Amino acid sequence: MSRIAVLGAGAWGTALALSLARQQRHTVTLWAHTPAHAEAMEQTRENAKFLPGFQLPSDLAISSSLDAAVDQADVLLAVTPSDYMDQTIHAIAPALRENHLFVSASKGIQDRTFRRMSEVVAAASPIRFATLGGPSFAREVAAGLPTAVTLATRDQDVARALQSDFSSESLRVYTNDDVVGVELGGALKNVIALAAGVVDGLQLGSNASAALITRGMAEITRLSVACGARPETMAGLAGYGDLVLTCTGSLSRNRTVGVELGRGRTLPDILASLNGKVAEGVRCTGAALGLARQHGIEMPITSEMYAILHEGRSPVDAIRALMTRPGRDESVG
Ligand SMILES: NC(=O)C1=CN([C@@H]2O[C@H](COP(=O)(O)OP(=O)(O)OC[C@H]3O[C@@H](n4cnc5c(N)ncnc54)[C@H](OP(=O)(O)O)[C@@H]3O)[C@@H](O)[C@H]2O)C=CC1
Ligand SMILES: O=C(CO)COP(=O)(O)O
């Protein structure tokens, strides 16, 4: 039994809190950063804003006090959008104890610094760290549908403890010591999912979709390995698994943003219709390119996606540019 604080009451934080609370062996608190959101969930026992349709069990505590949530927990499961990770770890740093474990379930890379979430956390605190990745739409986890995820940490004792805490009949948890690979797999697939959505929005067919996903994986792997990841991690749940899910699943917000771009809608219009829900790939595209430049890695799909998002490039021109690049040997990656 563990005392777990889920920091972030969006769709994913709520689904994980539900999954943990339903095991009936942990004490679980779900922290929302606004009192209004916490009060609404408390009154309705539902997260109508981000994950409607699922009843929150009465023993799942809801709080808008970060200090209280952290003080009463041993495991801190951070599920904010990645651009709030820095703010969150700095806010809780003074309250952290030696026995606290910090698990990041956010999928992103910090703007400007190009830091992964483990690096953002380590810059603020020496707390023991793990990251959760893999193909896991929040709604399906909340519905109790079978899901497999990867939990990565360099500390084997932490890996075993968290694997036991998170595992249930519907959530199968694999461990991995490749934190870099799991973090970059989760962050970079969002960029490729945007591009896969563009391909579908333009109705370019199944051949194009399969090619985009495969060549997307090639560039994700190139950059991740250059950053220290193992190639086999990229072939696992947090790499290929999450890429395939997000590029093909209709529940993906990143893919949905890409589909709408492909259909000709503008980015501000699409983002406004997300109503505060995060599509991490939109911000991560620039950070991924920055990281790639630091490592001298070519990222053609990511570059074209950046041009569509931020430089007014038309989706049709971006696809033409990708198709007419100089010939390449597939065996070099
Ligand atoms: N949705 C999914 O299926 C999955 C999402 N993820 C990842 O989980 C992370 C969170 O995504 P998700 O739960 O979907 O988010 P949602 O789009 O559902 O919700 C947005 C979240 O942003 C939070 N937020 C807004 N402003 C702040 C702030 N100032 N400080 C802290 N939090 C803030 C909201 O908190 P509040 O509720 O308190 O207002 C809410 O939790 C992302 O990195 C995403 O990639 C990973 C796997 C699956
Ligand atoms: O990361 C996810 C599933 O593993 C969710 O993807 P989206 O953020 O695109 O919805």
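**Exercise 1.** How many nonpolar, polar and charged residues make up the shell around ligand 1?

*Solution.* The structure is a predicted model.

Step 1. The class count for the shell around ligand 1 gives 12 nonpolar, 11 polar and 3 charged residues.

Step 2. The shell comprises 26 residues, and those that come nearest to ligand 1 are Gly10, Ala11, Trp12, Ala138 and Lys277.

Step 3. By secondary-structure element, the greatest contribution to this shell is that of helix H1 (residues 11–22), which supplies 3 residues.

Step 4. By domain, at least three residues of the shell come from each of domain 1 (2–177) and domain 2 (180–324).

**Exercise 2.** Determine how the protein chain is divided into domains, and describe the side of domain 1 that touches domain 2.

*Solution.* 

Step 1. Domain 1 spans 2–177 and domain 2 spans 180–324. Their C-alpha centres are separated by 25 Å.

Step 2. Contacts between the two domains involve 25 residues of domain 1 and 28 residues of domain 2.

Step 3. On the domain 1 side, at least two residues are supplied by each of helix H5 (117–124), strand S8 (128–133), strand S9 (147–152) and strand S10 (171–176). Of the elements on this side, S9 gives the most, with 4 residues.

Step 4. Sorted by class, this side of domain 1 has 11 nonpolar, 9 polar and 5 charged residues.

**Exercise 3.** Is Lys189 buried or exposed? Locate the residue and list its contacts.

*Solution.* 

Step 1. An unreviewed UniProt entry places the feature "active site" at Lys189. In the model, Lys189 belongs to helix H8 (residues 179–201).

Step 2. The cut-off for a buried residue is 20 or more other C-beta atoms within 10 Å. Lys189 is classed as buried because it has 34 C-beta neighbours inside 10 Å.

Step 3. When residues up to four places away in sequence are not counted, Lys189 touches Ile220, Asp242, Leu243 and Thr246.

Step 4. Among the buried residues of H11 are Asp242, Leu243 and Thr246, each of which is touched by Lys189.

**Exercise 4.** What are the helix and strand percentages over residues 178–319?

*Solution.* 

Step 1. The unreviewed UniProt entry assigns residues 178–319 the feature "domain: Glycerol-3-phosphate dehydrogenase NAD-dependent C-terminal".

Step 2. Over this range the chain is 76% helix and 0% strand.

Conventions
Residues numbered from 1 in each chain as written. Chains lettered and ligands numbered in written order. Predicted model: local features only at pLDDT ≥ 70, side-chain atom pairs only at ≥ 80, totals over all residues. Domains from an automatic or database assignment. Contact = placed C-beta atoms within 7 Å. Nonpolar A, V, L, I, M, F, W, Y, C, P; charged D, E, K, R; others polar. Buried ≥ 20, exposed ≤ 12 C-beta atoms within 10 Å, placed from the backbone. UniProt positions renumbered as here; feature names shortened; annotations may be inferred. Near = placed C-beta within 6 Å.
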